[in-house]
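Visitor: I would like a close look at a single part of this model, with the terms spelled out.

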Amino acid sequence: MSFKNLFHSLGLLLSLCLLTACTVTDLDENGNPIIPKGPNAVVGYEHLSLSEVADMLWAPKVLPEAKTDFVSWDHIKSQLDAQQITEKNSVFVRLNGVIDAVELGKHRGVIRLNLGDRSVDLQVGRIIKGNAIRDASKFVLFDDFKNQIRFAQISRELNKRAMTTTGTPEESWVGQKATVIAAITISDNRIRDAVPIQVNLGDQ
């Protein structure tokens, strides 16, 4: 075989190898290639309503996270007692105590949970202030929204879903033991906002 034919054969073989390594890329309606998103690509919520976004986040992600990835109250209490929490921080926490009061207003209400040496007011009702749930979750990220207003408003939708899983508080709850999964925001060694996510009455 001549060198010319040899190089021709090698070139043909190389071309075949390159062709087999190629992947077919789908085209959009304008004929442009559709590039698949990488594993670290930003989630796109811009075409969804806030209610739809909350549905995508709540049951599949945030609720299971709150039930399994919480901080113990003993750990938080020790930091509060030592005045170690100076920066604003939001976490999920499990609380065990006795319900001292259930105060229900037209728009806002409070479940006062006695933890022994202190009480925590859990917000309930149609109006919940703060962003405790949003900021406690690792699944709700500002970069996924690209819009400060929508990022602020997603808290309201998550709070609505928390009230659904919490159930409707009743005065008959007063005096009962309760185990509560909640999102709390701590700032300057004080619990500023607390939102219940799940309330189990009795020794559970």
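Is F151 buried or exposed? Please describe the aromatic rings around that answer.

Guide: F151 is buried, with a relative accessible area of 13%; buried means under 20% relative accessible area, exposed over 50%, and partly exposed in between, with a 1.4 Å probe and protein chains only. This is a predicted model, in which local features need pLDDT of at least 70 and side-chain atom pairs count only at pLDDT 80 or more, while totals for chains, interfaces and linings use all residues. Residues are numbered from 1 along each chain as its sequence is written, and side-chain values use heavy atoms, with hydrogens and water left out.

A search of the whole structure gives three aromatic pairs; rings of Phe, Tyr and Trp (its six-membered ring) pair if their centres lie within 6.5 Å, and planes under 30 degrees apart count as stacked, over 60 as edge-to-face and the rest as tilted. One of them joins F151 to F142 in an edge-to-face arrangement, with 5.3 Å centre to centre and 85 degrees between the planes. F142 has 39% relative accessibility and so counts as partly exposed, whereas F151 is buried. Ring pairs extend the group to a cluster of Y45, F142, F145 and F151.

As for the setting, buried residues make up 34% of the 204 residues in the protein. Of the contacts with a separation of 6 or more, 61% are between residues 24 or more positions apart; a contact means heavy atoms within 4.5 Å.
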